[in-house]
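Hi everyone, thanks for coming. Please have the sequence and the 3D view open while I talk, and stop me whenever you like.

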Amino acid sequence: MSHIVDRRKNDKGKSTGNRQKFLKRVESQIKKAIPDILSQESIKDSKTGGSVKVPVRGLDEPAFRHDPKTGKKQIVKPGNDRYNEGDRVPKPKAGGGGGGRGKGSNSPETSEDEFTVVLSREEFLQYFFDDLALPKMVKKLMDSTETFEMKRAGYTRDSVPSRLNVKTSFQQSLGRRLALKGVFDKKLQLLEEQLALITDPEERVGLELEIEKVKRQANTIPFFEDIDLRYNNFERVPVPVTSAVMFCIMDVSASMGYHEKDIAKRFFTLLYIFLTRLYKNVELVFIRHHTEAKEVTEEEFFNSRESGGTVVAPSLKLMDKIMRERYDENWNIYCCQASDGDVWSKEDAKECKNLVLETILPAIQYMAYIEINNKNRESDLWQAYNRISNDEDFSIRHINEVYEIWPVFQGLFRKRNDSDSGR
Amino acid sequence: MKDIDKYRAMFTNPNWDYDTLEAADQVIGRIGREYLKLKTYPNQIEIVTSEQMLDAYALTGLPTSYPHWKFGKDFVLNQNNYTKGRMGLSYELVINSNPCISYNMENNSTCMMLLVIAHACQGHNAFFANNYMFLDWTSADSIVDYMVFARDYILKCEEEFGEEEVEKVLDACHALMNHGVDKYKKPSKISAMQENERLKRLTAIKRENYNELWRTLPPSADLPEPGSKEEHRFPKEPEENILYFIEKYAPALPVWKREIIRIVRKVAQYFYPQGATKVMNEGFATFTHYHIMNKMFEEGYVNDGFMLEFIKSHSGVLYQPEYNSKYYSGLNPYTLGFNIFMDIKRICQEPTAEDREWFPNLVGKDWLEQVHYVMENFRDDSFILQYLSPKVIRDMRLFTIVDNELETTYEIGAIHNERGYRKVREQLSNQYDRSSYIPNIQATKVDLYKTSKLYLTHTIQSDRRLEAETARATLKHIRYLWGFPVELHSKNKLGINESTFEIK
């Protein structure tokens, strides 16, 4: 007899393993496609969720096949409406002679070599940031990115009154009172039995007094005693910090054109996405500066134009101020500065260097400075920063074209070897 | 009568539930058994979602399969097409196993469910259970268990020898899947005792028929001289099952790789009848559901509205775009098969003068018996060659196009007229013959003395040569499995070598 089975509740992930195998096989292609995707600006799509399409080719499975162009073939087709035996029909000029067209579903010529793999956002980012890590991540996590949280952990006998647990304390008291009362009850019962047997009035008076005494004693059992009291116990449990803040500092002086801003924006976006993968909650602070520094919204940051000269130091001061006001040691702080390197004076560059070295670096996890101009020219700011950059918590890089962004980013965040990160 | 009313209420409600399916299966099963006299495996009907259907597609319709990226690729490809709306999913997918497992899509309407149960659980099921190709080449009882074994074995190999190595072997085997099929049964090995008996009998016969005269004959030219190289030629007979040949004779192949080859070979063999009976199988299933549905209507299980929905889907299944339509993608196997089966029935019942001439054996016979006979004893090429009638050729207006490499125009070879019927029929039969779409390649020689080199021979048919690039890629896979150099010769009718591929 037939069986009817409802499989709808079963897993649908039967192909997950095979899909993973397939992705592994095209891994190199996916990675190769990443810079392209980046320069096509579709990275923004990946930020808003959804999927990323990666074109894949060259996955055909070889087998012995007939060359469709060769030989003498006869094909049967339906629906003849005009031909008679012996008619001649010109072959279509281009497009492979049309030999395989009529073979229907058996046709091996159907091309499936090139198609797109749709990756989920997670998978895409996995490939995207594969082999990348924040420098010193592990160490920082152990040292300072930890905070503590109080967690309930049973009861204790000794604590402050505000943590008294009434219910448990009452249970203790109830037990104690029952136990103690039982002793007196037994004594009382014994005495009363004796009283019933004794007829001598003097002895009776003595016994009655005794009974009176025991009754009084029984009433004196205290409702609460110190040993009954139970307090809620709390333990300090370390929790890793899951929030980070990223400061984006950009020069918006007249020398920064659309091209420079575009590169800066892409770089910031990359860093932002990278951070969102590591931290639950990432905040952004945008600071732009020309002669003076100002905190702005994202919209303003990237779109409005200002002109004038460039003084960099105020922006770093502003960042320091915001940092101290809003973000305590529970935050992981990252900073990314983009500029074309123009500064007002050598003094300004020097001040920046000192600010970074003395006030900013000790408080933050990592700072990156990217300079968007030709490498031929070393700017004052670059020279100043170059002296203190160490690639561990402060890195500086040059970018001039969009396609350079990814390699530079990769270079900044390439995973160090284990001995380094394990410390 | 009351029962019928109850059933009708169920079947005409567009929403189905478990009871509906059970009732449908009962009624349809009874009609199939009593009216169409179908013998089937027990059914296992599984209701699945679209995602699960995609999974089933990727595993080419096996409930389990060994892990391999190819299945993942198919899955990704189908999923892309499906989510983009480029491809619909079929209403059902049925597996040649005992019990016969069929997957039905959850979003089918009640009518579709009934149609699918009649089509798959009666039509396909009966075909699997009775067609000689399936009986000879597949074992429906054990396939599901075998695939579980295959999966576990390959997982174990992955663990022991590394995923990459296993993947290499599987890739190579898949490239040869079309050449891993037995088309003829090999004689089974006989035991030593039987061999003894045979020799004894042979000597007895020789002794009885001994005649001095034979001694005087000169020795036959065919037999190789003793001691010559030809005598030690290996293999003695060419072998077309290349996977089998490698599994048995590859000089330095570890046992686990041989077992993997065997697994792929078994799977290829399991699917061999399905490729060879596509037209018949679909045609017969369509023929079955058409009759069962009409019978249900006759007996009052369903109403007019139900039948309208049924006829709409039925004609959708049978839609055959014409050669110049933009929807044309080859002959629809459902249509072709259904038309031929329906015509067999017609010829039995209402033969015309033409039929008397073409099918004297069918005229006046019991149509059901004939349909059963055809369903059991043919495969696509023989089925078409025997039963494609002039009427079907006329109705479908079939014609043949000759595409010759050497000419600049196509020639119309034959059309649906008196002169053309036989040509069209022969041609269409050829088109479904395996040798027309899979090159004929055999393992012909192994150099046992020096290099262990494997020689393959491709016999060119109707001037169709091998695609050079894929041939070389496939040879590389063979080279990997065989472990020693491989050479492929393409030989034409005269036995002259036209092209050579060699992988050192």
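**A walk through two chains**

Let's begin with how chain A is divided: the domain assignment gives domain 1 (13-65 + 106-127), domain 2 (161-233) and domain 3 (241-421). Please keep in mind that we are looking at a predicted model. How far apart are the centres of domain 2 of chain A and domain 3 of chain A? Taken over C-alpha atoms, those centres are separated by 76 Å.

Here is some bookkeeping for chain A. You can count 14 helices and 13 strands in it. Of its 423 residues, 27% are buried. Now take the contacts in chain A with a separation of 6 or more: 81% of them are between residues 24 or more positions apart.

Let me pick out one helix, H7 of chain A, residues 201-219. Is H7(A) well covered or hardly covered? Hardly covered: among its 19 residues, the count of buried residues is 0.

For contrast, turn to strand E3 of chain A, residues 72-77. Here 5 of the 6 residues are buried, so E3(A) is largely enclosed by the rest of the structure. And which strand does E3(A) pair with? Its partner is in chain B: strand E4, residues 399-404, with the two strands antiparallel and 6 bridges between them. If you want one pair to click on, Lys77(A) has Phe399(B) in E4(B) as its bridge partner.

There is another pairing across the chains.

Why do we call Tyr410(B) buried? It has 21 other C-beta atoms within 10 Å, and the cut-off for buried is 20 or more. Leaving aside neighbours within four places in sequence, Tyr410(B) is in contact with Val89(A) and Lys91(A) from chain A, and with Ile401(B), Val402(B) and Asp403(B) from chain B. As for Ser329(B), it lies 81 residues from Tyr410(B) in sequence, and their C-alpha atoms are 19 Å apart.

Now the whole contact between the chains. Chain B puts in 78 residues and chain A puts in 59. On chain B's side, the largest share comes from helix H4, residues 69-83, with 9 residues. Sorted by class, that side of chain B has 34 nonpolar, 26 polar and 18 charged residues.

On to chain B by itself. Its secondary structure comes to 21 helices and 9 strands, and 41% of its 504 residues count as buried. Along the principal axes, its C-alpha atoms fill a box of roughly 85 × 65 × 60 Å.

The domain assignment of chain B lists domain 1 (2-131 + 277-311), domain 2 (143-175 + 239-274), domain 3 (318-435) and domain 4 (439-503). Let's look at two of these: the C-alpha centres of domain 2 of chain B and domain 4 of chain B lie 21 Å apart. Their contact takes 13 residues from domain 2 of chain B and 11 residues from domain 4 of chain B. On the domain 2 side, helix H8 (163-175) and helix H10 (242-249) of chain B each supply at least two residues. H8(B) gives the most, with 4 residues. That side of domain 2 of chain B divides into 9 nonpolar, no polar and 4 charged residues.

In soluble globular proteins, nonpolar side chains tend to be buried together. The largest nonpolar core here has 143 residues, and those with the most contacts inside it include Leu114(B), Ile117(B) and Cys173(B). Helix H5 of chain B, residues 110-130, provides the largest share of this core, 13 residues. Not counting residues up to four places away in sequence, Leu114(B) touches Phe11(B), Ala24(B) and Ile28(B). A second, separate core has 58 residues, among them Val312(A), Tyr334(A), Val356(A) and Tyr385(A).

That's my tour, and I'm happy to take questions!

Methods:
Residues are numbered from 1 along each chain as its sequence is written. Chains are lettered from A and ligands numbered from 1 in the order in which they are written. This is a predicted model: local features need pLDDT of at least 70, side-chain atom pairs count only at pLDDT 80 or more; totals for chains, interfaces and linings use all residues. A residue is buried if 20 or more other C-beta atoms lie within 10 Å of its own, exposed if 12 or fewer, and partly exposed in between; C-beta atoms are placed from the backbone. Domain bounds come from an automatic or database domain assignment. Two residues are in contact if their C-beta atoms, placed from the backbone, lie within 7 Å. Ala, Val, Leu, Ile, Met, Phe, Trp, Tyr, Cys and Pro count as nonpolar, Asp, Glu, Lys and Arg as charged, and the others, Gly among them, as polar. Two strands pair if DSSP finds at least two bridges between them. A nonpolar core is a set of buried Ala, Val, Leu, Ile, Met, Phe, Trp, Tyr and Cys residues joined through C-beta atoms within 7 Å.
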